[in-house]
Amino acid sequence: MTLRSAIENKEFIITCEVGPVKGTNIEEIEESCEVLKGKVTAANITDQQSSAMRLGSLVTSHLAKERGIDPIYQVTCRDRNRIALQSDLLSASVLGIENVLALTGDLPSLGDHPHAKPVFDLDSVGLLGAIETLNSGFDMAGNELNGKTNFFPGAVVNPGADTEASYEMQIRKMEKKIRAGAKFIQTQAIYDVDLFDRFMKRVAGFGVPVLAGVIPLKSVGMARYMNKSVAGVFVPEDLIQKLKNSEDKTAMGIQIAADLIKGLKDLCQGVHIMAIGWEKKVPQIIEASGLNK
Amino acid sequence: MILSKQKPLEEILEYLKGENSVFLLGCNGCAQASGTGGPEQVAEMKIKLEEAGKKVTGGTVIDFLCDKALIRSRLNTRIKEIEAADAILVMTCGVGIQAVAASLNKICYPACDTMSLGGIRGEWTGIERCKECGECMLAYTGGICPLTACSKGLLNGQCGGASKGKCEVYPEKECGWELIYKRLKAVNRLDILDKIVTPKNYNKMVPEAKTLLTSRFVLENTDPKPEKAAEEAK
């Protein structure tokens with residue numbers, strides 16, 4: 001079962017993340033794939049998340065696919081111009097990778113190589129346009145391809161934007177991304193079910209499945225860090241206290257994530273669990289939320 | 001001197017598609033020297049727009065359109081004509097267009113692409129900057145440059161990183177798209193945000209040789225070059 005067919009069959013979608021390693025030892029990726037296989041619809045393979053240099057998302061997507069996971073190949077515009085992006089997309093197509101998540105990407109100054117030159121030749125909307133062009137058998141310059149791609153593109157939105165302008169811009173940009181070819185949308189982490197409910201009512205007519213983002217809380221420090229430093233993510237104080245007062249923080253973190261999923265699942269078409277180091281606990285979260293595949 | 005180049009008329013008319021009436025603004029500084037927005041070009045543009053069925057409510061040329069104080073004081077007597085127009089067409093460099101957009105509560109469109117600032121920014125003292133990209137994007141953003149106002153230079157709207165209206169990368173800096181949204185809302189033109197802006201032609205950042213043939217360029221090159229003089233001496 002692939003993400004495309006699951007979406008076409010209107011199934012409830014469960015996606016998660018597999019982050020490529022820093023270095024060449026791929027044991028951790030292999031182990032994560034083994035644990036996640038059959039438990040999720042597909043797994044996002046991040047593209048040097050937070051601008052930290054790592055193993056590439058193209059190769060890791062290939063590794064995941066070989067190990068029975070349908071990869072969602074994340075592509076950012078941070079490091080590659082339109083020539084490299086299109087070339088990598090052709091490569092992905094040859095390797096049988098279907099799902100692509102088109103992202104603008106963070107600025108390098110936020111990552112571990114802050115002196116790097118940012119590229120941003122395209123933005124996420126431009127990248128979606130490029131994917132659609134490759135799917136139609138042409139490159140961005142209008143040259144005909146010898147063999148076209150067959151990508152199933154997706155995009156992201158941040159429903160927690162905290163000013164009127166940011167919120168409206170997020171919604172308008174999401175609508176643009178859908179017009180530019182996005183077939184599914186994954187969201188930034190949600191901790192407020194009511195906020196997500198309002199967001200979903202607002203985008204009700206957009207016509208593509210929305211997968212609600214969930215980041216399990218691993219510690220009180222992590223929750224506080226996200227509130228302070230991650231735009232659009234707000235962990236309510238009562239959740240932080242719940243975690244603080246629990247004896248088994250891991251069990252409580254899993255429980256909070258499962259409860260969130262229970263609250264979110266009827267509002268949208270799927271969930272996207274970003275475990276950030278807890279990849280191997282994703283099956284437990286899924287089980288605790290009653291969403292067994 | 002700031003070099004600009006007039007956009008093709010079709011491009012200007014595309015911006016003005018939904019606008020019935022226009023006020024024209026030119027500049028007696030660099031735009032006049034570039035042959036893109038002096039008194040002659042403003043008069044020519046008036047005729048071209050009228051031929052295309054637009055009503056031109058008025059037009060004027062200011063000495064330095066990059067100076068917001070001058071814009072405000074000089075346009076005091078033209079308020080009626082400006083108010084009667086749906087939009088303003090600014091025939092200058094990107095600095096002038098941004099200065100006008102910041103000074104008047106009216107949607108502004110660029111008539112020119114900026115090729116080179118030549119190391120200066122006119123009389124401009126504000127925070128807005130022109131990137132000399134040769135393909136002015138100010139028509140899509142209410143006159144705020146998305147390349148310089150947004151840390152990532154995004155063309156199609158905000159990234160997910162803004163927090164309380166500030167940039168994720170430089171927390172002391174306003175998010176450029178937050179400003180663009182507010183500007184377009186203030187002029188009641190949020191519909192402009194729905195346009196999908198296609199990837200830029202970065203090749204235009206390199207000025208063509210013929211666009212460098214301005215009065216200043218010619219002045220600078222009137223004296224024979226040393227190698228030329230040496231050759232002639234032989």
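**Helix packing, sheet and chain contact**

Q: At what angle do the axes of helix α4 (residues 82-94) of chain A and helix α5 (residues 124-135) of chain A cross?
A: This is a predicted model, in which local features need pLDDT of at least 70 and side-chain atom pairs pLDDT 80 or more, while totals for chains, interfaces and linings use all residues. Residues are numbered from 1 along each chain as its sequence is written, with chains lettered from A and ligands numbered from 1 in the order in which they are written. Helices are DSSP runs of H or I with at least four residues, and strands are E runs of at least two, numbered from the N terminus. The axes (lines fitted to C-alpha atoms over the stretch in contact, with angles from 0 to 180 degrees between N-to-C directions) come within 11 Å, and they cross at roughly 50 degrees.

Q: How is α4(A) oriented relative to α5(A)?
A: Angles under 35 degrees count as roughly parallel, over 145 as roughly antiparallel, 65 to 115 as roughly perpendicular and the rest as oblique. The crossing of roughly 50 degrees therefore makes α4(A) relative to α5(A) oblique.

Q: How many nonpolar residues has the contact of α4(A) with α5(A)?
A: In this contact (C-beta atoms, placed from the backbone, within 7 Å), α4(A) supplies A:Arg82, A:Leu85, A:Gln86 and A:Leu89, and α5(A) supplies A:Leu127, A:Ala130, A:Ile131 and A:Leu134. Nonpolar covers Ala, Val, Leu, Ile, Met, Phe, Trp, Tyr, Cys and Pro; Asp, Glu, Lys and Arg are charged, and the others, Gly among them, polar. One residue is charged and one is polar, and the nonpolar residues number six.

Q: Which helix of chain A packs against the buried residues of α8 of chain B?
A: Helix α8(B) spans residues 176-186, and its buried residues (20 or more other C-beta atoms within 10 Å of their own) include B:Trp177, B:Ile180 and B:Leu184. They pack against α7 (146-149) of chain B, together with the chain A helix α6 (164-179).

Q: Which are the edge strands of the four-stranded open sheet of chain B?
A: The sheet of chain B has the order β3-β2-β4-β5, with parallel pairing; strands pair if DSSP finds at least two bridges between them. Two strands pair on one side only, β3 (55-62) and β5 (108-110).

Q: Which residue of β5(B) is the bridge partner of B:Val90?
A: Strand β4 (residues 87-90) of chain B runs parallel to β5(B), joined by three bridges. The partner of B:Val90 in β5(B) is B:Pro110.

Q: How many charged residues has the side of chain B that touches chain A?
A: The contact takes 29 residues from chain A and 26 residues from chain B. On the chain B side, 10 are nonpolar and 10 polar, and the charged residues number six.

How values were computed
Two residues are in contact if their C-beta atoms, placed from the backbone, lie within 7 Å. A residue is buried if 20 or more other C-beta atoms lie within 10 Å of its own, exposed if 12 or fewer, and partly exposed in between; C-beta atoms are placed from the backbone.
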